[in-house]
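Hello,

Here is the structure I promised to pass on. Please open it first, then read my notes below.

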Amino acid sequence: MILGLCAALLLGLAGIAQAQGDATRGAALAANRSQGLCVLCHALPGQPTALQGTIGPALDGVGARLNPEALRQRLLAPERFNPDTVMPSYGRVYSAADAMQRVPVARQGKPLLAPDQIDDLVAYLGSLK
Ligand code: HEC
């Protein structure tokens with residue numbers, strides 16, 4: 001009984017930790033050119049200068065400018081802040097019906113990034129003070 005309660009408590013804590021994301025995984029994802037692809041448009045601290053994007057603002061210090069919820073919204077629905085944005089909506093499921101979008105078969109029906117990947121990115125971006 002007590003053991004069960006302890007296990008439930010530990011699982012609960014693990015759940016909270018996961019919901020907060022992992023900044024190290026987020027950093028790797030942001031720099032990954034076949035997944036996050038953030039560096040296509042953004043400069044990230046610690047990345048080679050020649051490989052930094054300049055289409056979006058540099059992301060150093062973004063954790064001091066935006067709180068975690070604002071960061072999350074930027075990733076999930078950037079069009080809310082700029083209807084003409086070129087930044088992808090990472091929480092959205094793109095379909096062939098989207099103008100100018102061609103979605104590879106393996107990615108159809110899935111958001112660009114999974115919810116736990118968004119958590120990891122929010123943790124990473126929030127650490128850029
Ligand atoms: C195709 C280009 C593009 C890609 C890819 C992209 N972004 Fe952006 N992002 C932008 C632009 C442009 C802006 C400026 C605001 C706007 O026009 O939406 C922006 C704004 C932001 C902001 C707000 C910055 C601020 O200082 O207000 C954050 C945070 C952000 N992007 C994070 C990311 C992350 C993390 C990724 C990768 C998962 C990513 N972006 C991928 C183009 C991009």
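**What I found**

Start with His-42. His-42 is buried, at a relative accessible area of 11%. The residue is found in the loop between helix 2 and helix 3. Keep in mind that this is a predicted model.

**The iron site**

Which residues coordinate the iron atom of the ligand? They are His-42, through NE2, and Met-87, through SD. The distances are 2.0 to 2.2 Å. The site has 6 donor atoms, and the angles among them run from 87 to 179°. That makes the site octahedral. For reference, ideal angles for six octahedral donors are 90 or 180 degrees.

The two residues come from separate stretches of chain. His-42 sits between helix 2 (23-31) and helix 3 (62-65), while Met-87 sits in the loop between helix 4 (68-76) and helix 5 (115-126), so the pair ties together parts 45 residues apart in sequence.

Met-87 is partly exposed, with a relative accessible area of 23%. His-42, at 11%, is buried.

One more point on His-42. Its C-alpha is separated from that of Thr-54 by 5.6 Å. Along the chain, His-42 and Thr-54 are 12 residues apart.

**Helix 5**

Helix 5 has 12 residues. From first C-alpha to last, helix 5 reaches 16 Å, close to the 16 Å expected at 1.5 Å a residue.

Is helix 5 largely enclosed or largely open? Of its 12 residues, 9 are buried, so helix 5 is largely enclosed by the rest of the structure. Among the buried residues are Ile-118, Leu-121, Val-122 and Leu-125. Gln-117, Asp-119 and Tyr-124 are also on that list.

Asp-120 belongs to helix 5 too. Asp-120 counts as buried, at 5% relative accessibility. What does its side chain contact? The side chain of Arg-25, through a polar contact of 2.8 Å.

**Rings**

The count of aromatic pairs comes to 0. There is a charge over a ring, though. The charged end of Arg-74 sits over the ring of Phe-81, 4.0 Å from the ring centre.

That is my list. Over to you.

Best wishes

Definitions and conventions: Residues numbered from 1 in each chain as written. Predicted model: local features only at pLDDT ≥ 70, side-chain atom pairs only at ≥ 80, totals over all residues. Heavy atoms only, no water. Donors = N, O, S within 2.8 Å, 3.2 Å for Na, K, Ca; no water. Tetrahedral: all angles 85-135°; square planar, octahedral: opposite > 155°, others 65-115°. Helix = DSSP H or I, 4+ residues; strand = E, 2+ residues; numbered from the N terminus. Buried < 20%, exposed > 50% of the residue type's maximum accessible area, 1.4 Å probe, protein only. Expected span 1.5 Å × (residues − 1). Phe/Tyr/Trp six-rings, centres within 6.5 Å; stacked < 30°, edge-to-face > 60°. Lys NZ or Arg CZ within 6 Å of the ring centre and 35° of its normal. Polar contact = N/O pair within 3.5 Å; in protein donor to acceptor, adjacent residues only side chain to side chain.
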